[in-house]
Amino acid sequence: MRDRPQGHELLAIAAKTFREQLLPVLPEDKKYQALMILNAMSIAERQQEMGEGPLNDECDLLEVVLDTTPKADELHERAAELNREFARRVRDGAYDNDDTGRHVLWAVTLQKVRESFDHFPSAEEIQQFAKD
C-alpha cells in the first residue's frame with residue numbers, strides 16, 4: 001500500500017502552492033518562466049496519474065498496425081523500437097494509399113493532448129476540429 005499523498009497528488013499540491021502563493025509575488029520579468037515551470041509540473045502530474053497505460057496502449061496499437069513484436073522487454077524501449085519502425089515505414093510510403101498511418105498519428109496526438117491540457121476536449125469538439 002502506498003502512502004498518501006502519492007506522486008501526482010504531491011505535484012498537484014506543489015503546483016497549487018506555486019500558482020497561489022509564489023506566482024503573484026514574482027517580478028513581472030520572471031512570470032513567463034514561472035508559468036512554463038507550472039505548466040511542466042501540471043503535465044508531469046497528469047502523466048503520473050495516468051501511469052503507463054497510455055504508453056502500453058500505444059505499443060499495443062503499433063504492434064497490431066506493424067504486425068510485429070518488438071525485441072525489447074522494457075516498456076519505454078518497446079515504444080521507441082515500435083515508433084522507429086513506424087517512422088521508417090511512413091518514410092518508405094507504406095501508408096501513402098490508406099488511412100492507417102493517419103489513424104495511428106491521430107490516436108497518439110489525442111493522447112498527448114490529454115496529457116498536456118487540463119481540459120481535454122469532448123468527442124464533439126474533437127470531431128469539429130477534425131472537420132476544420
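What follows is a short exchange about a predicted model.

Modeller: Local features here need pLDDT of at least 70, side-chain atom pairs count only at pLDDT 80 or more, and totals for chains, interfaces and linings use all residues. Residues are numbered from 1 along each chain as its sequence is written, and side-chain values use heavy atoms, without hydrogens and water.

Colleague: Why is Arg-78 called buried?

Modeller: Buried means under 20% relative accessible area, with exposed over 50% and partly exposed in between (1.4 Å probe, protein chains only). Arg-78 has 14% relative accessibility, so Arg-78 counts as buried.

Colleague: Where is Arg-78 found, and which residues is Arg-78 in contact with, leaving aside neighbours within four places in sequence?

Modeller: Arg-78 sits in helix H4, a DSSP run (H or I, at least four residues; strands are E, at least two), numbered from the N terminus. Contact means heavy atoms within 4.5 Å. With those neighbours left aside, the partners of Arg-78 include Asn-56, Asp-60, Glu-63 and Asp-73.

Colleague: What makes a set of residues a nonpolar core?

Modeller: The members are buried Ala, Val, Leu, Ile, Met, Phe, Trp, Tyr and Cys residues joined through side-chain atoms within 4.5 Å. The largest such core has 10 residues, among them Leu-55, Leu-62, Phe-86 and Val-104. Helix H3 (53-66) and helix H4 (75-91) each supply at least two of its residues. Apart from it lies another core of 6 residues, including Phe-18 and Met-41.

Colleague: Which residues is Leu-62 in contact with, beyond its neighbours within four places in sequence?

Modeller: Those are Asp-67, Leu-82, Asn-83, Phe-86 and Val-104.
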